[in-house]
Amino acid sequence: MAEQPIVEIRGISKHFGEGATRVDALREVSLDVFPGTVIGLRGPSGSGKSTLLNVIGCVLEPNSGSMRLNGELVFDGKWLRADLRGLRLEKIGFIFQSHNLLPFLNAWENVAVARILAGASLAQAKSRAVELLTYLGIERRKDAMPGELSGGEAQRVAIARALANDPRIILADEPTAALDSERAGTVMDMLRRVAAERRTAVIVVTHDEKIFNRFDHIFSLRDGGVEAPQFEAA
Amino acid sequence: MRRARSLAGRDVNLALKDISHNLGRFLLTCLGLSLLLGIVLAMVGIYRGLIVESLGLVRAAGAQVWVVEGDTRGPFAESSRLPADTREVVAAQWGVAAAGGVSYQNVEAQHRGQTKRLLVVGAQIARPGEAPFVIEGRPILRSRYEAVADQAAGLALGEQIKLGHDTFTVVGLTKNIVASGGDPVIFISLRDAQKLQFDLTPAAARREAVRSPGAAGTIDTVNAIVVRLLPGVDAKRFAQDIARWKHLATLTEEDQETVLAGSVIDRARRQIGLFTALLLTVSTVIIGLIIYTMTIDKKKAIATLKLIGAPDRRIVGLIVQQALAMGVISFLTGAALINAGQGFFPRRVVLEPADAMTLFGVVLIVCLLASALGVRTALKIDPASALAG
């Protein structure tokens with residue numbers, strides 16, 4: 001039996017402003033992302049990449065279309081769930097360009113906080129955080145504050161936080177932009193491993209050509225529309 | 001459930017974590033704020049001290065009824081003078097246990113090279129109005145040149161001080177008996193007080209004799225007669241009976257305290273109340289700006305928390321808890337500072353637990369109000385801004 005897509009977008013449109021100032025950020029975008037795949041979104045500035053990421057992350061409401069996340073219809077002309085933060089907590093993990101670790105929490109606490117927000121006790125959250133930091137090879141730095149971590153280490157902690165609640169979808173916004181080629185490759189390999197082992201759909205917005213060969217599919221966006229996948233990773 | 005866990009310390013408390021991350025800055029801010037709140041506490045303490053001191057002088061007389069010059073409100077409100085032999089008339093009334101004539105006058109005396117401002121109370125020996133509760137030494141036993149001084153005057157037992165033309169020896173000390181203006185009280189005999197008040201230099205005496213020959217020899221006056229009543233005698237009724245004599249007016253102890261409260265204390269209350277309100281307003285603005293700045297500093301962290309799914313109550317809790325922590329730490333530090341330093345204030349500072357608790361409650365309300373701007377800013381932060389790089 002064919003696997004169902006985890007992210008299923010149909011005819012999503014989003015515009016900002018009205019009349020002469022109207023800008024169409026997304027035009028009738030349709031996209032399927034399957035479990036265990038890592039896809040890239042590329043395109044020039046203003047092409048709609050970030051808007052699409054915000055829509056999939058349920059932080060920006062589209063004007064039309066429908067969206068299904070992990071089988072649940074969450075948008076159909078309007079949001080179908082009132083608790084969008086709860087929806088994000090449950091289904092989506094976020095990775096940012098500059099890691100966005102909370103500067104006042106150490107590495108394991110940064111990971112644990114996502115788990116605690118989902119209702120886990122401190123002991124459960126800590127155990128899960130240490131497990132994920134070990135999985136990503138950074139367990140020895142679990143007590144370090146974000147300011148004491150290198151860029152690559154901080155990004156691995158951010159990946160661990162994104163995985164804290166076992167999300168089926170990971171959205172990453174230029175996760176390698178602040179890293180050198182070697183560390184960028186390591187982070188992308190980690191995301192591929194996560195996708196493969198946890199059957200997670202990973203969507204990465206990127207400009208970084210060095211990592212294009214790490215994607216299963218790359219979608220190019222131009223003027224709010226998605227062009228056909230250009231190539232697949234070897 | 002989650003809230004309960006957080007309160008029980010089984011959660012990562014974001015507010016405390018953020019505070020400990022910026023501990024130096026937070027504590028310095030608290031120190032500044034504690035000085036401000038300490039001043040507020042000190043002002044309330046000074047006001048309480050003023051009441052205790054003002055009423056202390058009235059209460060020190062131990063009188064149930066004050067007989068004063070007709071159509072006046074007594075020596076604490078205005079000039080009151082009556083012949084000293086009025087005491088004998090009053091003392092002879094039914095229900096009187098004891099009565100004594102008293103006089104009050106402010107003097108400046110030179111002592112150890114310094115000018116001291118004192119309130120001199122002239123009282124009759126072993127009669128109402130004399131120095132109560134002599135804590136060291138003895139009461140005045142001789143009618144000439146002995147004094148009982150309050151500790152605040154800085155005089156030691158056996159020490160001498162010149163008042164007017166005469167030198168007095170300190171034979172006893174009292175504690176916490178000062179005038180409403182803060183001047184220490186020194187008790188001397190009524191006879192000495194009258195001499196002090198009316199003794200003129202020879203040249204001035206000759207001039208006065210020429211100006212009003214009939215006035216000479218009328219120094220046997222007092223400012224008030226203080227009366228203690230026998231048990232069971234109604235002070236109000238007694239006062240009304242005496243007041244029927246047109247040349248006299250009477251006040252019960254309660255009336256006398258009301259007079260003081262209405263004149264000296266009421267004005268001080270308005271002044272201190274105004275400054276307290278202004279300082280609390282300044283504190284609110286400062287806490288508000290600090291919390292706002294701390295919120296702006298955490299904008300990205302708050303956006304990230306919202307994006308990963310933190311509910312608003314969590315964000316609000318982070319800001320409000322920090323504001324409350326700032327208020328509580330600052331208040332306790334301010335209270336400790338004032339408690340430790342109250343002896344260095346030029347006025348008596350009386351810190352009453354009820355006042356401290358009320359001010360603590362006000363500070364908590366101020367913190368909640370002050371955090372409103374930070375909360376409003378935090379709630380307006382767009383989670384999408386966390387993705388904006």
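In the predicted model, A:I39 stands opposite A:H217 of strand β9 in chain A. These two residues belong to a parallel pairing in which strand β3 (residues 38–42) of chain A is joined to strand β9 (residues 217–222) of chain A by 4 bridges. Strands are DSSP runs of E with at least two residues, helices are runs of H or I with at least four, and both are numbered from the N terminus; two strands pair if DSSP finds at least two bridges between them. Both β3 and β9 lie in an open sheet of 6 strands in chain A, with mixed pairing and the order β6-β7-β8-β3-β9-β10.

Residues are numbered from 1 along each chain as its sequence is written, and chains are lettered from A and ligands numbered from 1 in the order in which they are written. As the model is predicted, local features need pLDDT of at least 70 and side-chain atom pairs count only at pLDDT 80 or more, while totals for chains, interfaces and linings use all residues.

The contact between the chains takes 28 residues from chain A and 22 residues from chain B, two residues being in contact if their C-beta atoms, placed from the backbone, lie within 7 Å. On the side of chain A that touches chain B, the elements giving two or more residues are α1 (49–56), α2 (84–91) and α3 (107–117) of chain A. The largest share, 6 residues, comes from α3 of chain A. By class, this side has 16 nonpolar, 8 polar and 4 charged residues; Ala, Val, Leu, Ile, Met, Phe, Trp, Tyr, Cys and Pro count as nonpolar, Asp, Glu, Lys and Arg as charged, and the others, Gly among them, as polar.

Chain B contains 11 helices and 12 strands. Within chain B, strand β8 (residues 166–174) pairs in the antiparallel sense with strand β5 (residues 136–137) over 2 bridges, where B:G137 has B:G172 as its bridge partner. Strand β6 (residues 146–150) of chain B runs parallel to β8 of chain B and is joined to it by 5 bridges, with B:D150 opposite B:T174. An antiparallel pairing over 4 bridges links strand β7 (residues 160–163) of chain B to β8 of chain B; here B:K162 has B:T167 as its bridge partner. The hairpin of β7 and β8 in chain B has 2 residues between the strands, and B:G164 takes a positive phi near 65°.
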